[in-house]
Amino acid sequence: MSRLPDGRYVDDAPYDPDENINRIERADMDAPNWLLVWRKFKRHKLGLISGIFLLFSYLMLPFAGFIAPYTPTERNADHLYAPPQMVKFFHEGEFVGPFVYPRTAIADLENYRWTYETDMTRPMPLQFFCRGEEYRLAGIFKTERHLFCASEGSTIFLLGSDRLGRDVFSRILYGAQLSLTVGLIGITVSFLLGIGFGSIAGYFGGKIDWVIQRTIEILRSLPELPLWLALSAAVPSNWGPVAVFFIISVILGILDWPGLARAVRAKFLSLREEEYVRAAEMMGASSGRVIRRHLLPNFVSHLIASATLSIPAMILGETALSFLGLGLRAPAVSWGVMLNDAQNLASIEIYPWTAIPMLPIIIVVLAFNFLGDGLRDSLDPYED
Amino acid sequence: MSLLKYAVYRLFTMLVTLWVVSILIFFIINLPPGDYLSNQIAELRATGQESAVEQAEFLRKEYALDRPLWQQYLIWVGFAPGPNGFSGLLQGDFGWSFEFDKPVADIVGDALWLTVLVNLAAVLFVYMVALPLGVLAAAKSKTWVDYTAAFVGYIGLATPNFLLALILFYYGNRYLGLPIGGMMDPQFEGEPMSWEKVKSILIHLIVPTFVIGTSGAAAMMQRLRANLLDELGKPYVETAQAKGLAPAKMLTKYPLRMAFNPFVADIGNLLPAMVSGSVLVSVVLGLQTIGPALLAALKSQDQFLAGFILMFVALLTLIGTMISDLLLVLLDPRIRYGGREA
């Protein structure tokens, strides 16, 4: 841009006769919707951090066996209820790399419990990419490599060991595989039912709408937990852990859909009067096509936000069921199953680390809440 | 007058809902294959106790468990005559608990009242905590008061109920000398009501109320804050401020009243969650409410006991929701009587 002597401004760029005059001058203002959403979401720091944390947690799941030093059922009969061990780097003021001091269990016959004596003279270095118990990486490849493990003659219980001498840290990692996916499967079921019934009720209206509405009201007026309990009590006890896990997730989903269906229905009621819906119908689109191609994309982002907010309820639901002994059962490892061991006050008082699985539960639930809040706030990029 | 009409209408819909719920519950209870008695018979056969088998067979006839499911349902509710004539829920006969070998009514007895008491206390707690905190958080939004309230709220939402129960029991007992477990001191159990017993129950109620109410209070607080903030952004608030109305008076006089409606309406959402919570917490804390009995009954397929408790829990929430609907109409004349026009 240069200024002429008479005060006018002239663009210096050479004249291009083929230039597209419809091109928008500032491409950043006309970015696609997802980019706008992303820009707004980035400003929601808590949501962003939570999102990254959850992403990592889920990516970690297939490699839980690799990160964990032990397998979930590996028993260490000499170290029952061992307290957490610290990884140290300096031995007598000298840097020796990560190591642990070995411990020996001593039976305290007076209080009838195990106490541990730490041998502070022999640092036992940690080994990396070492061989341990065999497991399946991502459920497929058999391998015995672990990220780290204790050297021969010592143990590495980062968060202590439980009643049977199993490593709490490893079990938390393995437990995440079930506890975190339960919410995903549950929300899928809830989504299918909620969107299905909600859109049918909202789009067709009339008698179908009335029936679905009443069903929603009845289901919403019932307390969830007793119904969850009743349904999971109906799961046959001879089913395998995988089948039980699956059916529990489905049960959690089955009782969650009414809230979603109600929101979908309300949206449909207002959207079905829009001109583009009329146009699509007149051009002969089937109801299914109108719902799927023209109506649902309108608020799919809102659905995702609300899904993020209802996953934590399912995670807590699974935990509660397993805690009461009606959810996942013993050979399966989930955070609720682990807490089942921490059911009485006495064991928490003497062995506080058995209650540690509650920390990942709280953190994950909080992260989902923050992420959901962040998503919800940023989904309307044009609104300030 | 039309309020009365609305109340009758609302009662009617509640009864219909209850009827549908009873079908649902009966269906769920009977989902597991077999029943308590047929399991027992199979077990007795396996161990060769033929004489006991006969007795169990007799009980099966006595409680109509040998009939088709739809007949069992009608007999259970009391729509159809059973082996002993009409004696179902409607006639006040709650059935027989096989596990405890007693009538269901004897087992639940006191537990019913204690359940109602615990839930009532929790609802009161929610209102008493959520109201001041929510108003404060909205009035002082974006200050440390707001952030602290939000933080406490989030923690309340994220901590599983039963964990909170264990933690509070532990520390409550250690530092405040609160009693652990149970609804009253053991020496009062089975005693008639007395001032001492009431006092004992009240002290035992502190922790459970807190535990059951926390997540509800957190959710309620956030909603009240959001509503109040919406209201505070409206032009009439600005006018009031410009005219020099004192902040506290301005807040309580108009916006609070507007933000109050959802507060009452919300009880419909709140109550089911609270009852859920109380069942879980009762199991963990060993309260003599119906929670532990329900768990035991479900595990052993003690169907009449489980069915009755589920019905009672449903009834409790339905009545609560109905009361909140009626209150709402009393509070806000703009809400139309009768159903919404779809």
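Reader: What makes the crossing of α7(B) past α12(B) right-handed or left-handed?

Author: The model is predicted. In it, α7(B) passes α12(B) in a right-handed crossing. That name applies if the near helix is turned clockwise from the far one by less than a right angle.

Reader: Why are α7(B) and α12(B) called oblique?

Author: The axes of α7 (residues 161-175) and α12 (residues 267-285) of chain B cross at roughly 40°. Angles under 35 degrees count as roughly parallel, and 65 to 115 as roughly perpendicular. The pair is therefore oblique. The two axes come within 9 Å.

Reader: Which residues of α7(B) and α12(B) meet?

Author: From α7(B) come B:N161, B:F162, B:A165, B:L166 and B:F169. They meet B:G277, B:L280, B:V281, B:V284 and B:L285 of α12(B). By class, this contact has eight nonpolar, two polar and no charged residues. Gly counts as polar.

Reader: What does B:A165 touch?

Author: Leaving out residues up to four places away in sequence, B:A165 touches B:V211, B:V281, B:V284 and B:L285. The cut-off is C-beta atoms within 7 Å. B:A165 is also one of the residues that touch the most other members of the largest nonpolar core, which has 159 residues.

Reader: How many residues of chain B are in contact with chain A?

Author: 36 residues of chain B are in contact with 27 residues of chain A. The elements giving two or more residues to the chain B side include α7 and α12. The largest share, seven residues, comes from α14(B). By class, this side has 30 nonpolar, five polar and one charged.

Conventions: Residues are numbered from 1 along each chain as its sequence is written. Chains are lettered from A and ligands numbered from 1 in the order in which they are written. This is a predicted model: local features need pLDDT of at least 70, side-chain atom pairs count only at pLDDT 80 or more; totals for chains, interfaces and linings use all residues. Axes are lines fitted to C-alpha atoms, for helices over the stretch in contact, and angles run from 0 to 180 degrees between N-to-C directions. Helices (H or I, at least four residues) and strands (E, at least two) are DSSP runs, numbered from the N terminus. Angles under 35 degrees count as roughly parallel, over 145 as roughly antiparallel, 65 to 115 as roughly perpendicular and the rest as oblique. Two residues are in contact if their C-beta atoms, placed from the backbone, lie within 7 Å. A nonpolar core is a set of buried Ala, Val, Leu, Ile, Met, Phe, Trp, Tyr and Cys residues joined through C-beta atoms within 7 Å. A residue is buried if 20 or more other C-beta atoms lie within 10 Å of its own, exposed if 12 or fewer, and partly exposed in between; C-beta atoms are placed from the backbone.
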